[in-house]
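Trainee: I have a two-chain model to go through. Could you take me through it by question and answer?

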Amino acid sequence: MRQWQRRRLVGYAFVGPVFLFLCAVVVFPLSHAFWISLHRTRGLATRFSGTDNYHRALTDEAFWHALGVSVQFTGACVALHMLIGLCLALLLNEIRFAKTALRVAFLTPWMVAPAVGATIWLWLLEPQFGVVNYLLGAIGVIDTPLAWLGTPKLAFMSVVAVDVWRGVPFVMLLILAGLQTIPRDQYEAASIDGAGPWQRFRYITLPNLRYLLVVASTLDIINTIRHYDIIGVMTAGGPAGATEVLPVLLYNTAFRGNRFGEAAAIGVLLLLIVLAFAIFHIRLTRPEHGSAP
Amino acid sequence: MRRSRYVDAARWVLVLVSLLLVMFPFYWMLNTSLKPASEIFLSPPTFISPNWSLDAYVTVLTQRPFARYFLNSLVVTLGTTVLSVTLAAFAAYGFTRFFPRGATPFVVFLLFTKMLPETLLIIPYFQLMSSVGLLNSYLALILAYSSFALPFSVWMLIGFFRSIPRDIDEAAKIDGASYLQTFFLVILPLARPGLVAVALFTFLIAWNSYLWALVLTTDASMHVLSVGVANMVGEYRVQWNELMAAAVIAAAPVMLLFSFLEKHLVNAITSGAVKG
């Protein structure tokens with residue numbers, strides 16, 4: 001055997017296991033999901049049903065409603081993540097004391113399981129004995145206790161708030177890392193030219209961060225639009241479907257409604273949405289140029 | 001000079017207020033978990049109580065199956081982490097050393113896999129696992145968790161292995177080391193910070209995962225912590241002090257782990273996630 005052939009074989013031995021494993025735990029289940037989306041099960045009989053499930057999903061009002069809620073939820077969450085994350089990062093960037101400790105403290109909501117974080121918030125927002133109602137009442141913001149998860153509007157705002165609480169730290173850390181790459185002499189030069197804080201932000205910080213902000217928000221959109229746990233735990237899509245985002249509709253269709261074919265079809269449609277952003281994201285970061293990860 | 005001191009003070013005030021908002025839910029979780037049941041429904045609620053005790057923790061660990069849930073979480077999470085990081089180390093070495101050009105399409109493939117909606121994958125997993133009778137087994141959970149943990153760890157490790165110069169491999173080869181020797185004795189020790197970071201992260205995402213275990217465990221004794229905690233909300237009369245004690249038990253391990261290894265955490269996020 002020639003040297004290069006032997007070398008290639010050794011290479012296969014190193015990457016082979018992961019390849020097979022990924023096929024088993026990702027590629028195969030994913031293809032099976034497609035298969036399920038093209039079949040209909042009644043009792044013990046499963047038969048090919050073509051695009052019936054897709055047709056059913058796309059003509060069902062619930063799908064379009066969930067898509068609308070998903071767009072609103074993702075839009076609100078990502079906008080707030082980026083805005084608050086940017087503000088916090090600018091704030092923390094100037095602080096030298098207890099730098100890492102502060103960062104880790106801010107990161108805590110992101111470290112805790114979303115399902116557990118959502119459970120904590122269920123207790124905070126409890127209508128009768130929850131501390132949020134008590135505190136807001138004590139400082140005079142509200143007169144009567146609110147049922148935070150009881151009315152459509154409030155419930156939507158509540159799940160957005162919890163997702164913001166959980167999602168901001170991560171974005172903040174990304175932006176902080178970005179801020180540190182901005183050369184300090186740019187700021188010094190601007191100061192000498194008499195630029196104020198706002199001008200420095202507008203003409204140095206923002207242009208330098210632009211790429212990072214676009215990358216981070218795409219990534220954040222992908223992560224938020226497919227996220228299930230927080231809404232699943234807090235409202236399961238209620239009240240009256242006000243928080244029923246696509247992943248929640250999918251879960252409810254499959255595991256409450258027992259309509260797996262239709263759920264898989266909804267999942268494939270959700271996948272297409274995610275894929276569109278993923279392609280944009282990958283084109284943007286261009287791993288083929290050796291920048292990833 | 002004087003003005004910047006005021007600005008500094010204002011900055012600190014803002015930081016502390018935000019920190020208070022961010023951390024308050026955790027304080028309230030801890031506070032509630034330490035209260036006796038009789039004090040939960042007091043109005044106004046108590047922020048500090050002379051009656052604080054560990055009773056709720058004892059109840060949760062002895063009268064409820066949370067010790068078992070902790071064990072389940074630990075077995076599944078450690079199993080997933082060891083499996084993923086081991087396989088990932090081999091693959092990262094293989095790709096960066098033997099197929100450097102193939103590494104790029106593979107990384108793109110991994111990025112796509114990382115972005116799959118788990119709610120979609122959960123359906124085939126549920127059907128496949130129930131048809132082969134693997135519901136309520138550690139094996140099913142470890143396999144399911146690998147579907148998100150493995151792409152993630154391979155992707156991160158390829159980045160770390162790329163940063164180890166190829167000259168080192170050549171030097172080892174000239175010294176007569178085989179590929180396996182080079183891998184185990186030269187490259188792995190050099191990649192140790194990367195391995196630690198990736199293992200930590202894999203541990204974190206596996207420990208915090210919820211939906212997979214929710215769907216793949218129907219037997220209450222096989223739940224993991226996140227599912228056990230969230231399920232208590234559905235009880236007829238929620239014992240909030242016990243529920244918060246359970247939440248502390250679920251959250252404490254990752255918090256402790258990461259407060260000890262804060263540097264790794266911050267480095268891994270900023271090096272890994274920015275670009276992808």
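What follows is a short exchange on the chains, their contact and the core.

Trainee: What should I know about the model before reading it?
Mentor: It is a predicted model, where local features need pLDDT of at least 70, side-chain atom pairs count only at pLDDT 80 or more, and totals for chains, interfaces and linings use all residues. Residues are numbered from 1 along each chain as its sequence is written, and chains are lettered from A and ligands numbered from 1 in the order in which they are written. The model scores ipTM 0.91 and pTM 0.91.

Trainee: What pLDDT does chain B average?
Mentor: pLDDT is the predictor's confidence in each residue, from 0 to 100. In chain B, 95% of the residues score at least 70. The average for chain B is 88.

Trainee: How many helices and strands are there in chain B?
Mentor: Helices (H or I, at least four residues) and strands (E, at least two) are DSSP runs, numbered from the N terminus. From that end, chain B runs α-α-α-α-α-α-α-α-α-α-α-α-α. The count is 13 helices and zero strands.

Trainee: Is chain A spread out or compact?
Mentor: Chain A has twelve helices and two strands. Its radius of gyration, taken over C-alpha atoms, is 24 Å.

Trainee: Why is helix α5 of chain A largely enclosed?
Mentor: A residue is buried if 20 or more other C-beta atoms lie within 10 Å of its own, exposed if 12 or fewer, and partly exposed in between; C-beta atoms are placed from the backbone. The buried residues of α5(A) include A:V116, A:T119 and A:I120. Helix α5 (residues 114-124) is largely enclosed by the rest of the structure because its buried residues number eleven of the eleven.

Trainee: Which residues of chain A does B:A247 touch?
Mentor: Residues up to four places away in sequence are not counted here. Within chain B, B:A247 touches B:M29 and B:V229. From chain A, the partners are A:V116, A:T119 and A:I120.

Trainee: How many residues has the largest nonpolar core?
Mentor: A nonpolar core is a set of buried Ala, Val, Leu, Ile, Met, Phe, Trp, Tyr and Cys residues joined through C-beta atoms within 7 Å. B:A88 and B:A247 have the most contacts inside the largest one. α6(B) gives the most to this core, with 17 residues. The core has 169 residues.

Trainee: Is B:S163 buried or exposed?
Mentor: B:S163 lies in the loop between α6 (138-162) and α7 (166-174) of chain B. There are 11 other C-beta atoms within 10 Å, so B:S163 is exposed.

Definitions and conventions. Contact = placed C-beta atoms within 7 Å. Rg over C-alpha atoms; globule rule 2.2 N^0.38 Å.
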